[in-house]
Amino acid sequence: MSASKDRPVLLTGASGNLGRALVPALAASGWKLRLTDIAPFPDALPEGVVFTKADLNDGPTILRLAEVCQAILHFGGISTEHPFEVVLGPNLRGLYHIYEAARREKARVLFASSNHAIGFHERPAGNGELLDADCAFRPDSFYGLSKAYGELMGRLYWDKHGVENLNVRIGSSFPEPADARMLSTWLSYADLARMMDKFLSAPRIGHAVVWGASKNPATYWGKDHRDRIGWEPEDSAEDFRGKVGGKLSGDPVTERYQGGGYTAMDYTRDKPSPKDQFSLD
Ligand SMILES: NC(=O)c1ccc[n+]([C@@H]2O[C@H](COP(=O)([O-])OP(=O)(O)OC[C@H]3O[C@@H](n4cnc5c(N)ncnc54)[C@H](O)[C@@H]3O)[C@@H](O)[C@H]2O)c1
């Protein structure tokens, strides 16, 4: 079912970095917003926008918050690497609550997935071969694993219940790229906000996966389902090359794989030399 601006849109993780960037943009586009987060919303609420403090672990409250909503923009949860037990509640159980709510309301879901769901793919060799969105999951962390689970949850709820969902494998969404890797992975806040509008307005989505990155010439990523929502990024990380192009980690694992520093966290294999190839995939 495509959108009308009368039914509310629930935004989880509203008090986080991306949530706070999206609220004014979505309100300005005329979407009727309901906000939620476990942390208080730190900014002034746009007119008519309601905020409710809630834990994603609290299923009945999530169901109530989603009542009559046309869409859930799901940005809430643990957003960096943490021990498994910390990730488990918000990112696995919480996601189930989001999808059950969407199923009940016949709402569509946008899931803020992550490049860390596929972070152990090697970076492209510079020969033009990019990674397509139908690649295998290769999570680089418990956090990335929870994002792979989230995408598969979307797969299940589309196949079994017809809940439409867009899974955005966000690269690095910050005001500016902060290091050389982000010349490939950066997603500007403006491109992200434009994607939300397209998602909410698209007539049909099904189960779709999109790389969440701006129009970066140094990209790692190829084909995806962006045509389903008619989204094309407009910004480019290349404008920041002079500032961050020399910012490398010096770590062979970090620099080898797409997930960067997440791949090297708690890494207990022998570190590869730059020439090694792991053939036992
Ligand atoms: N910013 C990026 O570059 C990036 C990259 C990939 C994926 N993502 C994903 O996008 C989303 C937003 O990212 P962000 O950078 O704004 O992160 P963030 O940490 O600033 O925001 C996440 C929000 O989720 C809330 N939250 C945590 N546990 C919760 C719980 N139990 N119940 C309810 N709310 C809870 C937090 O309070 C926080 O406000 C996250 O899902 C993240 O994994 C972001």
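Tutor: Helix α1 passes helix α6 in a right-handed crossing, where a crossing is left-handed if the near helix is turned anticlockwise from the far one by less than a right angle, and right-handed if clockwise. This is a predicted model, in which local features need pLDDT of at least 70 and side-chain atom pairs count only at pLDDT 80 or more, while totals for chains, interfaces and linings use all residues. Residues are numbered from 1 along each chain as its sequence is written. Helices (H or I, at least four residues) and strands (E, at least two) are DSSP runs, numbered from the N terminus.

The axes of α1 (residues 17-28) and α6 (residues 189-201) come within 10 Å and cross at roughly 60°; axes are lines fitted to C-alpha atoms, for helices over the stretch in contact, and angles run from 0 to 180 degrees between N-to-C directions. That angle makes α1 oblique to α6, given that angles under 35 degrees count as roughly parallel, over 145 as roughly antiparallel, 65 to 115 as roughly perpendicular and the rest as oblique. On the α1 side the contact is made by L18, A21, L22, A25 and L26, and on the α6 side by Y189, L192, A193 and M196, two residues being in contact if their C-beta atoms, placed from the backbone, lie within 7 Å. By class, this contact has nine nonpolar, no polar and no charged residues; Ala, Val, Leu, Ile, Met, Phe, Trp, Tyr, Cys and Pro count as nonpolar, Asp, Glu, Lys and Arg as charged, and the others, Gly among them, as polar.

A second pair may be set beside this one. The axes of α3 (residues 84-105) and α4 (residues 142-161) also come within 10 Å, crossing at roughly 20°, which makes α3 roughly parallel to α4. Here too the crossing is right-handed. Among the residues making the contact are L92, L95 and R103 of α3 and Y149, G150 and M153 of α4, and the residues of this contact divide into 11 nonpolar, four polar and one charged.

Along its principal axes the C-alpha trace spans about 55 × 40 × 35 Å. Residues 24 or more positions apart account for 68% of the chain's contacts with a separation of 6 or more.
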